[in-house]
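I opened the model today to look up the ligand site. My notes follow.

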Amino acid sequence: MLVLVGPAGAGKTTLAHLLQTRAPGRRAFSVSHTTRPMRPNEIDGVDYYFVDRPTFEHLRDQGGFAEWAEVHGNLYGTSRAEIGRLHQDGKVALFDIDIVGAHNLWQLYPDEVRLAFLLPPSWQVLVDRLLARGTETPEIVRRRLRTARLELHAVCESPAPWHIVVNDQLQPAADRLEALLAVPPPPAENPRAHPSVQAYLRDAEADPRAA
Ligand code: 5GP
C-alpha cells in the first residue's frame with residue numbers, strides 16, 4: 001500500500017496515474033467514499049464513491065471503514081471492502097488520503113503501508129499552483145494553505161515512518177515513489193531534518209494566508 005499525502009497542488013493525482021501507467025494492471029487507485037458533492041469532471045465509482053452523510057455514517061458505524069476522516073467539513077473514508085478488493089487482485093494499492101487517514105492506515109497495516117509526503121519544490125510554487133487553477137475562491141486558497149501548514153507540522157510530529165518526496169520533476173519523483181515499494185523499504189526519514197520541509201515551514205509560517 002503506497003499512501004500519498006501532501007497539499008493540494010503537490011501532484012498526488014498525476015503521480016498516482018503515472019505509477020499506474022508504468023506498471024499496467026499491477027497498481028490500482030483505492031477509491032474512497034466521500035460525502036463531498038461531485039465536481040463536474042468527476043465520475044462516481046472512479047474518483048470516489050459519492051454517498052450522502054447518513055449512508056456514510058451508517059457504513060462507518062458498522063465498522064465498514066479501515067480509516068475515515070473529516071476534511072474541510074466533508075467525510076472521507078477507505079472502506080474495508082475496497083482494501084479487500086485490491087488485496088484480492090494482488091495489486092499495489094495507491095492511496096490519496098489525508099494525514100489522519102494515512103496514520104490510521106499505517107497503524108492498521110504497519111508492515112504493508114509505505115507513507116510518502118509529497119511536496120512541490122517550494123511554498124511559493126504551491127501558492128502559484130493553487131492560484132493558477134483559477135477555480136478556487138480566495139477563501140478556499142487560504143483554507144488549503146492553512147491545511148498545508150498544519151499537515152507539515154503533523155508530519156514532523158508523527159511517529160510513523162515517513163518518506164519526503166519533493167515533486168520538482170515528475171519522472172524522478174515517480175522513481176522515488178517506486179523505490180519505496182522495495183522489500184525491505186528504504187529507511188524512513190526524519191521530516192524535521194529535511195531541508196525542503198524546513199524551508200517550507202519557514203515560508204508557511206511567514207505567509208499570512210496560511211495563518
Ligand atoms: P478532495 O475533496 O479535494 O478530493 O480531497 C480533500 C482531501 O481529502 C484530500 O486531502 C484527500 O487526500 C483527502 N481524502 C480523500 N479520500 C480520503 C479517504 O478515504 N480518507 C481520508 N482520510 N482522506 C481522504
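How do the residues of the shell around the ligand divide into nonpolar, polar and charged? I get five nonpolar, four polar and six charged. I keep in mind that this is a predicted model.

Entry: the shell. I looked up what surrounds the ligand and found 15 residues. The closest are Ser32, Arg36, Tyr48, Tyr76 and Asp98. I then checked the strands. β5 (65–71) and β6 (74–79) each supply at least two residues of this shell.

Entry: I went through side chains one by one. Tyr76 has a side-chain N or O atom 2.4 Å from an oxygen atom of the ligand. For Arg36, a side-chain N or O atom is 2.5 Å from a ligand oxygen. Glu67 places a polar side-chain atom 2.8 Å from a nitrogen atom of the ligand. Next I looked up the cover. On its own the ligand has 520 Å² of accessible area, and the protein covers 88% of that.

Entry: Where does the ligand sit? I find it in the largest pocket. I noted a volume of about 1600 Å³ for this pocket. Its lining counts 49 residues. Nearest the centre are Thr13, Arg36, Arg39, Tyr48 and Asp96. Arg36 and Tyr48 are also among the residues closest to the ligand.

Which elements give two or more residues to the lining? I list α1 (12–22), β2 (27–29), β5, β6, α3 (80–88) and α6 (138–157). I sorted the lining by type as well: 19 nonpolar, 16 polar and 14 charged.

Conventions. Residues are numbered from 1 along each chain as its sequence is written. This is a predicted model: local features need pLDDT of at least 70, side-chain atom pairs count only at pLDDT 80 or more; totals for chains, interfaces and linings use all residues. Side-chain values use heavy atoms; hydrogens and water are left out. A residue is near a molecule or strand if one of its heavy atoms lies within 4 Å of it. A polar contact is a pair of N or O atoms within 3.5 Å; within protein, one must be able to donate a hydrogen and the other to accept it, and residues adjacent in sequence count only if both atoms are side-chain atoms. Accessible areas come from the Shrake-Rupley method with a 1.4 Å probe; for residues, only the protein chains shown count as cover. On a 1 Å grid over the protein atoms alone, a cavity is a set of points where a 1.4 Å probe fits but cannot get out, and a pocket is an open set with protein on both sides within 12 Å along at least five of seven lines; lining residues have an atom within 4 Å of a point. A molecule sits in a cavity or pocket if more than half of its atoms lie within 2 Å of its grid points. Helices (H or I, at least four residues) and strands (E, at least two) are DSSP runs, numbered from the N terminus. Ala, Val, Leu, Ile, Met, Phe, Trp, Tyr, Cys and Pro count as nonpolar, Asp, Glu, Lys and Arg as charged, and the others, Gly among them, as polar. Grid points are joined across faces, edges and corners, and a volume is the space filled by probe spheres set on the points.
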